[in-house]
Amino acid sequence: MSTTAPLRPAADTELSAEAAALATGPAEHPIHPAHTPTGQLSFGAFFQGVNSSTIWRLPQSGEQVAWESFEALVRTAERGKFAAFFLGEGLRLREHRGVPLEFDVAGRPDAQALLAALAAVTDQIGLVATQNTTYNDPVDLARRFQTLDLLSGGRAGWNVVTTDNAWTGENFRRGGYLDHEDRYVHAEAFVEVAQQFWRGEQIEHDGAHYSVRAQGDLPRSAQGSPVLFQAGASPAGQDFAARTADVIFSPHGTLEAAVDFRRSIVERTVAAGRDASSVKILPGAEVVLAPTEKEADEKIRWVRDLQVGPEQAIALLEQYWGRDLSDFDPEGPLPDVEPEVVESGVTRGAGFQFAKAQELTQQWREEAAEKGQSILEFARVKAGSRRGTFSGSYDAVADRLVEFARLGAIDGLNITPWLIPSGLDDIVDHLIPRLQERGVYPTDYAGSTLRENLGLPPV
Amino acid sequence: MTTTASHLGAHSADTPSADTLSAQEQRPGLPVLAVDLVSDPALLGSFAALAHDLERAGIGALTISDGGLHPIHVASYLAPLTDAIALLPRTDAVYVEPFHLATQLMSLDHISHGRAGWLLTAETDPTVAATVGRTTLGLEDTAREAADVLEASRLVWDSWAEDAVVRDTASGVYVDAARLQYADFEGESFAVRGPAITPRSPQGLLPVLIADADRAAVGGRVATELADGRVLDLDVSTGARPDAVVDTVERALAEDAGPAVRLVRLVGLDLEADPLGTVAELSAALRERGLLAAAPSAGQSLRDQLGLPVAARAADPARRSDRARLNSEDLA
Ligand SMILES: Cc1cc2nc3c(=O)[nH]c(=O)nc-3n(C[C@H](O)[C@H](O)[C@H](O)COP(=O)(O)O)c2cc1C
């Protein structure tokens, strides 16, 4: 039943000067000799549920935890032939200095329970849950994913994440038992146990952290087993993805960064003995659209100002300064006090862990002073929506995406709507038809399973 | 342990004596009729139609027993396909991560708009313990663990106030940390810090019921002190005479010792061969004798169906999530 738009071979297309400068290979494989671009894009809708990207201040901002919000969002995504609906996960409420963060959206339902319900009201869209390997039991998680895969007729996906800090571990039996260096060693063993379960095998796993005895006892789903996503940008994370994953949810937004990342993943995938094109790359993206470039500029500023208010600006800096900055004026310059480098960095959220507070804050002070930015202006530029690659006029964004697709830098986008539940409307109504006209986006689902709709080979 | 236990007591509602009731006098406190659905993958194609038919027949609840597919997911799947029937997965409280389990159950309550409950079991099968790398606990430890997991779950469910999400545009506050509290549960074999990663669910505290089949395993404390009531199990796998069923239910309701019967659960039905016949017949017979609560209406919560009061939140100032800030301000 595939009605995918005719594929335009990347070899036939001429690259722009910018893209040509980034391409190093011959025309048929511009980024890496082993990789042949499909020239096609798949979209995922990423319900974030934390962070400042979701605007909660508008009258049309829906409830973050209400079933109606999720149902409306997923229906729009399915109308737009999105390959997947994607949920993030955080196993402890984010805190700052021992107090839960108050200024951003927070609180979401269990990802798999919600997706099982969404399976009942959708037919074709993939349902992807972010689930952690450090604080789950592999057989329990595998059984739940296989249940979701069976209930949805082969539409389940698992975004494998490895968050391992002891602070999150305070909610779990094992606590902070895993060294950060071992997160992917552990994750790989965990995924292997899950795959054994999905194959219906007998499991006798004796690892460094636990022993498991189990027997896979469920039938296989229409797609064989859930699609594996991976989100983790470190070299260890990339190698894990190259060996194990079907799709990478990457953080790379610019064409240059995306090209570098593709090259790195292709090299690692080939080194792992897999086909160069076997791992799809879907960077996370925020998409702000308007009919013209001028209107888009205004809209991006409007979105950004709603995303990051004065309290959020101070709170953002506090996460890096590690101390109370509430006496500073959001309209004034960046704080001239030194950061407190406390070892409880993990409580400041995943983004912070590896940044060096001293260096970073000094750099930020200089940057803001140079540009004459207040705390609020600076925070809005850092945390708010940007005049990024995927925002602009309908036509400009469509043209840029065509370039990404032809060059083979990405296989699609995982889009975070900045408004729930209407944040995908203009993407579906205005951007997708333009991408379809340009031949880079499917006009219908290729099949009924997530694997088919991502263009992945059967297991 | 730093838990407050004020809200953890059993609800010892008086059991109505059967002979004082008539069909016209149905009132809260009468049990709800439940049909047990086994989460067998062979039934995948039938779940939706079965739930729909049972709801249309006025059946109050579906319990979902583990037949391979995860019962909480099957219940979640059925939630948007129904709007009145309650959904109670029957799941283990022992060989689980308590925080995940509590989150999953309260999420089912969100998805079903307050129709979720928990048929708590305590696993005794050694092969289940081995799937999570644990060894089977003895009877006493099993009961203690089940009690701990139930208490921890309730503390997680109760950790957000109803009005914690304030969305105050003037102050820029989305969620008020003063209206959240840590669970701070410390049991013998695990601890849960909290607060929940999910806002308070519609019922706040999900009804927790113990089936007769599980009474021995969960132990006396869970079955009689902590749970919200008893589930009278009626095995109808070899057929059921309506008058015999009526007798059994009447006798169980007349007992004045032990926890109140909140649910009458039909187990062992071959729902594919006989999707509605037996259920409808037994339901009619029980209803005629005034032994069943009224059929649920759309959007009715399970607590309401069962005659349980709205769960009031047990706020505990010592566990408030903004205590770190309060302390530092007090010191200043
Ligand atoms: C785009 C993206 C999305 C992520 N989403 C989540 C998430 O929802 N939950 C989570 O626990 N971790 C999430 N992570 C964190 C990863 O699981 C991983 O722990 C982290 O990136 C550190 O791994 P690394 O050292 O390989 O980068 C995400 C990471 C990326 C890059």
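Hi everyone, today I'll walk you through two interfaces in this predicted model.

Let's start inside chain A. Chain A is split into domain 1, covering 17-291 and 387-453, and domain 2, covering 298-385. Where they touch, domain 1 of chain A contributes 22 residues and domain 2 of chain A contributes 23.

How much area do the two domains of chain A bury between them? About 2,100 Å², with 60% of it on carbon and sulfur atoms. On the domain 1 side, have a look at Arg57(A), His96(A) and Phe103(A): they lose the most area to domain 2 of chain A, together 25% of what that side buries.

There is also 1 salt bridge between these domains. You can find a salt bridge between the side chains of Asp426(A) and Lys299(A), at 3.1 Å from N to O.

Now let's move on to the two chains. Here 62 residues of chain B are in contact with 59 residues of chain A. The buried area is about 5,000 Å², and carbon and sulfur atoms give 61% of that.

How many salt bridges are counted between chain B and chain A? The count is 3. One to look up is Arg193(B) with Glu170(A), where the closest N and O atoms are 3.1 Å apart. On the chain B side, α3(B) gives the largest share, 8 residues. By class, that side of chain B has 33 nonpolar, 20 polar and 9 charged residues.

Conventions. Residues numbered from 1 in each chain as written. Chains lettered and ligands numbered in written order. Predicted model: local features only at pLDDT ≥ 70, side-chain atom pairs only at ≥ 80, totals over all residues. Heavy atoms only, no water. Domains from an automatic or database assignment. Contact = heavy atoms within 4.5 Å. Buried area = accessible area lost by both parts, 1.4 Å probe. Salt bridge = Lys/Arg side-chain N within 4 Å of Asp/Glu carboxyl O. Helix = DSSP H or I, 4+ residues; strand = E, 2+ residues; numbered from the N terminus. Nonpolar A, V, L, I, M, F, W, Y, C, P; charged D, E, K, R; others polar.
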